[in-house]
Amino acid sequence: MLYDVFICHASEDKDEFVRPLAQELKKNGLRVWYDDYSLRLGDKLRRSIYRGLAKSRFGIVVLSKHFFVKEWPQHELDGLLERELQEEGIILPIWYEIDKEFLLDIAPPLTGYVAVKY
């Protein structure tokens, strides 16, 4: 694998939570696929994301209210869920400013994962 983790998130959560998380992970020696680090001028966005999804050992998914109204993060989650069918334990969810009741209304299967709550 090229990366230890792929960070799946909504851009609205980037400044306050996701960027500091990515910096901390990188500081601790993890190879992180994160758009600020991994996308370069001229890259094909879809191809780069797909490569990151395929070449990461784990997917950190920052689930939030913003996440569920955005198409791309959910598309990335779909890719991780497909991989999860082959290799259990790939998805590492973080509940960012949401709770179980929120998820039960939007995406009940995601409540079955042990998650970190912020």
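Tyr96 counts as buried at 6% relative accessibility, where buried means under 20% relative accessible area, exposed over 50% and partly exposed in between, using a 1.4 Å probe and protein chains only. Before we go on, a word on the source: this is a predicted model, in which local features need pLDDT of at least 70, side-chain atom pairs count only at pLDDT 80 or more, and totals for chains, interfaces and linings use all residues. Residues are numbered from 1 along each chain as its sequence is written, and side-chain values use heavy atoms, with hydrogens and water left out.

Let's start with the overall layout. The protein has 5 helices and 5 strands, and along the sequence they follow the pattern β-α-β-α-α-β-α-β-α-β. Here helices (H or I, at least four residues) and strands (E, at least two) are DSSP runs, numbered from the N terminus. The radius of gyration is 14 Å, close to the 13 Å that the globule rule gives for 118 residues, so the protein is as compact as a globular protein of that length; the radius is taken over C-alpha atoms, and the rule is 2.2 Å times the number of residues to the power 0.38. Of the 118 residues, 42% are buried.

Now to the rings. The structure holds 5 aromatic pairs. Rings of Phe, Tyr and Trp (its six-membered ring) pair if their centres lie within 6.5 Å; planes under 30 degrees apart count as stacked, over 60 as edge-to-face and the rest as tilted. One of these pairs is Phe6 with Trp33, which is stacked because the ring centres are 4.6 Å apart and the planes stand at 20°. The pair links distant parts of the chain, with Phe6 in strand 1 (residues 3–8) and Trp33 in strand 2 (residues 32–33), 27 residues apart. Phe6 is buried at a relative accessible area of 0%, and Trp33 is buried at 4%.

Tyr96 comes back with a partner of its own: its ring and that of Phe17 have centres 4.6 Å apart and planes at 20°, so this pair is stacked. Phe17 sits in helix 1 (residues 14–27) and Tyr96 in the loop between strand 4 (91–95) and helix 5 (100–106), so that the pair links parts of the chain 79 residues apart. Phe17 is buried too, with a relative accessible area of 10%. Together with Tyr118, Phe17 and Tyr96 form one aromatic cluster.
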